[in-house]
Amino acid sequence: MTGLLDGVRVLDAAGQLGVPWIGRHLAHHGAEVVTFESSRFLPKIRSYVQPNAVERGVQPDDSTSLTDWHSGKLSIGLDLTKAEGQEIFDSLVRISDMVLTNRLPRASVAIGVTYERLLAVNPAIIMLHNTSYGLHGPYKDNGAFGDHIEAMSGMSHLLRDHRTNEPGSSNTLIVDYLAGLHGLFAVLEALREQRRTGHGQLIDISMLEVAVSSIGELVAEMSLSGEAPEAGNVSLEAVPYGVYPCDEGDKDCSISVYNEEQWVALCEEMDRSHWANEPRFASPGARRRNRADLDSEIGEWTYHQKPHALMYRLQRKGIPAGVVQNALDMVQDPQLSFRRFFPTYSHPAKGGVIGTGLAVNLGDPEPSALRTGFSMGQDTEYLVGELLGRSDEEMQRLMAEGVIEASPLQHWPGLGQHSGQRDS
Amino acid sequence: MRVVECGSFASAYAGRLFADRGADVIKLERPGGDCAREAFPKNFDVGSQKISTSFAFFHINKRFITLDLNSPPGVRLLQALAGQLDLLLVDEPYSTTFHADGTFRRLLGEHPHLVIVAITPFGLEGPYAGFQSDDLVLLGMSGLLGPAGSPSGGPTRFPGHMVDVLVGLSAASSGSLALAEVESGGGGRVIDVSKEAVLASLTTVAPAVPKYLQEGFMGYRGKSTPGVPSVYYPTKDGTVKLTVHVEWMWPILAQWISEVTGETEVLSPQFEGVGRSRYGELVDHWITELTQQFTTEELLAEAQLRKITVAPLNDLKDVLANPQLEARGYLREESWMPQGIRFPGPAYKTEPDQFGAWRPLKAAGGDNREVYTQLAGLSESRIGELSREGVL
């Protein structure tokens, strides 16, 4: 990728989800990003595999989540609960720009990853601390995952089935990504600030707050009027506006009509030009009042059509329409292909694997052999031995005492581009 | 640092992120103001102006100018302003036009250190570059719409302007990265932000496409965590989301159920691991027996002690009364807003604090005089002329 962050070193002491995703973006833009593991605390994302994945040759500790979210990173095996483990961590902090973590405040204190302590070690350090509810307040030590925050923030309520009131979900843990996106912006801005002033900062991300922020206008509306917004696929501007079944109900395609021109075009495509004169559909207001009938009739028309053919057909007439694509559709999406959205990574066991494109991409080509799929502690020798200058004898002792760990499985070429101690 | 942003809500959110951190962010609207100012039903008065809550949320902390970017004098004036800018955030409808008519190329030629972020639905070029789009189209094409919603409902769009928030976040980070390059001695650039690609980059915690290609898993709509059958359970006074994200939570939950209900069968090993899914109805019954013994607050407190992940199913009224948000001062009231209206503050906090007081919202073009005299060197009379001609 761009190498815009060449020379930046990041310690990714996070467990899972949004924060490793930040580290991944930093790594792809040239930063040296080190992730921490130990055989006592393997990150959960290692084991995020489907039950049948093992039959397909996926190792149970080598999930696609690990492959994707930790691509481009180094791995150190380090037991932070041991005093010497903390000393090694501090030595790395001294020569780093940034520490990322998402442990609960009490857990961070237990392993010494707190801003106060890091600041004493490196006054220019940037620390991003992502928690469920923030570092202060009555919920600060409460744990939650992204989908709990969806429920807490009002998002699940807004994603409910408007007919049955059954709560909904993004089912993509969108709150983790919101935290990741806010965190990424915050650390990039903090790096600019650090370069200007030499000072670091603490970035305190509450997943509840980023979730509420993403629907901030609706929260403000509620405070103003006390009225809840309508749930489901509704638009103030478009009617019809919805997702309609295609391919005998196997797939869906969205259709939206924002103006009279699009409405007339849709009626023509449906061979129902007479609708323009029917009182129940003649105006946007009438269509809104009779929306159930309208949606039902459109659904009957779309039901036997192929979704992509329908999308192209309506798009040619200037009508917003889009297939509700699944993973297979996305691999075949010509626009994503045109943008070379899916990178190929070099994986030690799987060979070339397809990854997910970056959310922040300046358009430069991906590095040709970005590595992924590391084994636990694969880079311990480089980081503790070469970078921190510990002797072979000391390394052996630390290994024997379980302070550091290193997997013998792989040795990647190309290490050492960031070698050498940095002035602290 | 100075930013101009024009277009719809994605660029507006990117601009707000910079404005919150103290940048001088100038919102450029068409003469008379963008329709989003009043297009949404919940409006409030700021001075003599009506402003929608949507517009307000996305434009807090900015200055406001007007300019007709569809007229040659308007584009020339933008070119003059660009010399005073670090970052130009351009959304639809201008991004496609400025790419096609060479405006971006000319701006970068005249101001080689300028960073331009061009936001479009599918990208500046490619087979879908001319497609019509909205939130439904983009969420659908990017793979986010299929899983979203309730198990019994159909694919359901993300609420409000979440798509713009997500894209705006990406656009802001791209801008920040490119600004760092300029500050390190590099040149400016045009960054082509595709909303579809940004959203596709967020496809599921188990990355959708790699997961499909390597593990044959296609994703589904419904419960995101199958650790317990129903996920949502009733309490004495509400509903909670209760999950067993990781298997070590199950024996703790089973023990809790047993303590509260006297049920001992729940402790049997046959309910551990994937085998539990065979007894969905029974497990749901036991969990419901447990949760109904508590109020939501009581259940949350006890669950936290036991390290079981539980959250209340809140509506927006609950959010406004949330004690954690209250304690952190997250929802802000400003003296220049009507009493009672509250807006979320910056989405994260920093130490030292990088965020200052909020600048009051103004009418469209409320900062025309100040901005055009100071930054474009226009005289008062020239500003008057351009206003009469409809350019400002």
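I began with the strands that cross between the chains, and found that strand S6 (residues 202-206) of chain A and strand S14 (residues 348-351) of chain B run antiparallel and are joined by four bridges. Within this pairing I noted that Ile205(A) stands opposite Tyr348(B). I keep in mind throughout that this is a predicted model.

Next I looked up the extent of the contact, to which chain B gives 140 residues and chain A gives 146 residues. The size of an interface is often given as the accessible area lost when the parts come together, so I looked that up too. Between chain B and chain A about 12,000 Å² is buried, and carbon and sulfur atoms give 62% of this area.

I then turned to the polar side of the interface, where 47 residue pairs are in polar contact, with both residues at pLDDT 80 or more. On the side of chain B that touches chain A, the largest share comes from helix H7 (residues 162-183) of chain B, with 15 residues. That side of chain B divides into 73 nonpolar, 43 polar and 24 charged residues.

Arg339(A) and Asp192(B) meet through their side chains in a salt bridge, with 3.1 Å from N to O.

Last, I checked the confidence of chain A, whose pLDDT averages 88, with 89% of the residues scoring at least 70. Over residues 409-424 of chain A, however, pLDDT stays under 50, although the model has 35 contacts beyond four places in sequence for this stretch. Where pLDDT is low, the predicted coordinates should not be read in detail.

How values were computed
Residues are numbered from 1 along each chain as its sequence is written. Chains are lettered from A and ligands numbered from 1 in the order in which they are written. Side-chain values use heavy atoms; hydrogens and water are left out. Contact means heavy atoms within 4.5 Å. Buried area is the accessible area (1.4 Å probe) that two parts lose on being put together, summed over both. A salt bridge is a side-chain nitrogen of Lys or Arg within 4 Å of a carboxyl oxygen of Asp or Glu. A polar contact is a pair of N or O atoms within 3.5 Å; within protein, one must be able to donate a hydrogen and the other to accept it, and residues adjacent in sequence count only if both atoms are side-chain atoms. Helices (H or I, at least four residues) and strands (E, at least two) are DSSP runs, numbered from the N terminus. Ala, Val, Leu, Ile, Met, Phe, Trp, Tyr, Cys and Pro count as nonpolar, Asp, Glu, Lys and Arg as charged, and the others, Gly among them, as polar. Two strands pair if DSSP finds at least two bridges between them. pLDDT is the predictor's confidence in each residue, from 0 to 100.
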